[in-house]
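This report reviews selected local features of one structure.

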Amino acid sequence: VTKLGTALSAATGKLEDSPKPQYAWVSGNAGIGKTCLAEGFLQKSIPQYQSIVCRGYFSEDLTTEKPFQGIALCFCDLVAGLFEKEETGKEWKQRIRDCLGEDLSLVAMLIPILGFLLDEDEPENPKEWLDSADISHRSKRLKNALGRLLQKASEHLTVIFFLDDLQVADQDSLQMLESILGTKELKQFFFIGCHRRLKASHYLNTIKTKLPKQSSSSFVLEAFDYESSKSLIQSHLERLGDNSSVADDRLDSFARSWFKEYGGNPFFLAHLVYFLYDKQALKFENNVWLLDSGVSI
């Protein structure tokens, strides 16, 4: 986890030294802590000045009802960030109009806030748009327009896209993502994509291979072994106990029980300690840690 955080920080360092896009992929089993790690990095390591963090996610329940949902969420954050400051909002109105031209109404279909800010007519429903006869032509226009918008934003500030649960993204969304990430002349752009383990045939693997190797990094989050899990539990107990040491027999008892029951998921183990402590099922009394085994989790 520490190595991954360091690597992500190094990627942002490259972005500052040379304004070329950087890509980071984080994978692992469900619940291993991919999202927590990415969010923690974004909150602590990304300078807020002259940067916009854009977040999106995919859900199996919404892929048919809301086409391109994760990408649309990222671009909604991007547009909102561009118009956040009144003194620069007027400049961005003109830049976006010049950048998108006749494709503005098409992009506003995917990003409703853009149409509202630029006083565009109410766009059509994306679902109806997908069912239209000329979908291939309009899809190509939309992909190119989104790429131009991202490229224009990256000229003036650092843009970070964080897309979560990419393993459930539909094929149309993945093809759009491929087009956007492959946009030429992107400047200050940093992409973080999180997903569970993929089958070899998953289209996301194809997207990864098309990105410049020198700008792309992949990380796999693995479960901790027993000794690492034990050290993690110890560090959190000592923190809660005002840095008091934990008796070996107590630590061994907790670690063996929790590791056997829940495995070596580092983020779950950490949350477990604080959950039990908040519920007063785990108490530090007279310099001894006590656990109420009757509490259900």
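Cys-36 is partly exposed, at a relative accessible area of 42%; here buried means under 20% relative accessible area, exposed over 50%, and partly exposed in between, with a 1.4 Å probe and protein chains only. Cys-76 is in no disulfide, and the nearest cysteine sulfur, that of Cys-74, is 9.4 Å away. A disulfide is defined as a pair of cysteine sulfur atoms within 2.5 Å. Cys-76 also counts as partly exposed, at 22% relative accessibility. Over the whole structure, the search returns zero disulfides.

## Basis of the model

The model is predicted: local features need pLDDT of at least 70, side-chain atom pairs count only at pLDDT 80 or more, and totals for chains, interfaces and linings use all residues. Residues are numbered from 1 along each chain as its sequence is written, and side-chain values use heavy atoms, with hydrogens and water left out.

## Packing of α11 and α13

Two packed helices are described by the angle between their axes and the distance between the axes. Helix α11 (residues 226–240) packs against helix α13 (residues 266–278) at an angle of about 35 degrees, with the axes 10 Å apart. Axes are lines fitted to C-alpha atoms, for helices over the stretch in contact, and angles run from 0 to 180 degrees between N-to-C directions. Helices (H or I, at least four residues) and strands (E, at least two) are DSSP runs, numbered from the N terminus.

On the α11 side, Ser-229, Leu-232, Ile-233, His-236, Leu-237, Arg-239 and Leu-240 take part; they meet Pro-266, Leu-269, Ala-270, Val-273, Tyr-274 and Tyr-277 of α13, contact meaning heavy atoms within 4.5 Å. These residues divide into ten nonpolar, two polar and one charged. Ala, Val, Leu, Ile, Met, Phe, Trp, Tyr, Cys and Pro count as nonpolar, Asp, Glu, Lys and Arg as charged, and the others, Gly among them, as polar.

## Helix α9 and its cap

In α9 (residues 171–181), the buried residues include Leu-174, Met-176, Leu-177, Ile-180 and Leu-181. Asp-170 caps the N-terminal end of this helix, with a side-chain oxygen 3.2 Å from the backbone nitrogen of Asp-172.

Thr-158 lies in strand β3 (residues 158–164) and is buried, with a relative accessible area of 17%. Its side chain makes a polar contact with the side chain of Gln-188 at 3.4 Å; a polar contact is a pair of N or O atoms within 3.5 Å, where within protein one must be able to donate a hydrogen and the other to accept it, and residues adjacent in sequence count only if both atoms are side-chain atoms.

Lys-260, in helix α12 (residues 248–262), is exposed, with a relative accessible area of 75%.
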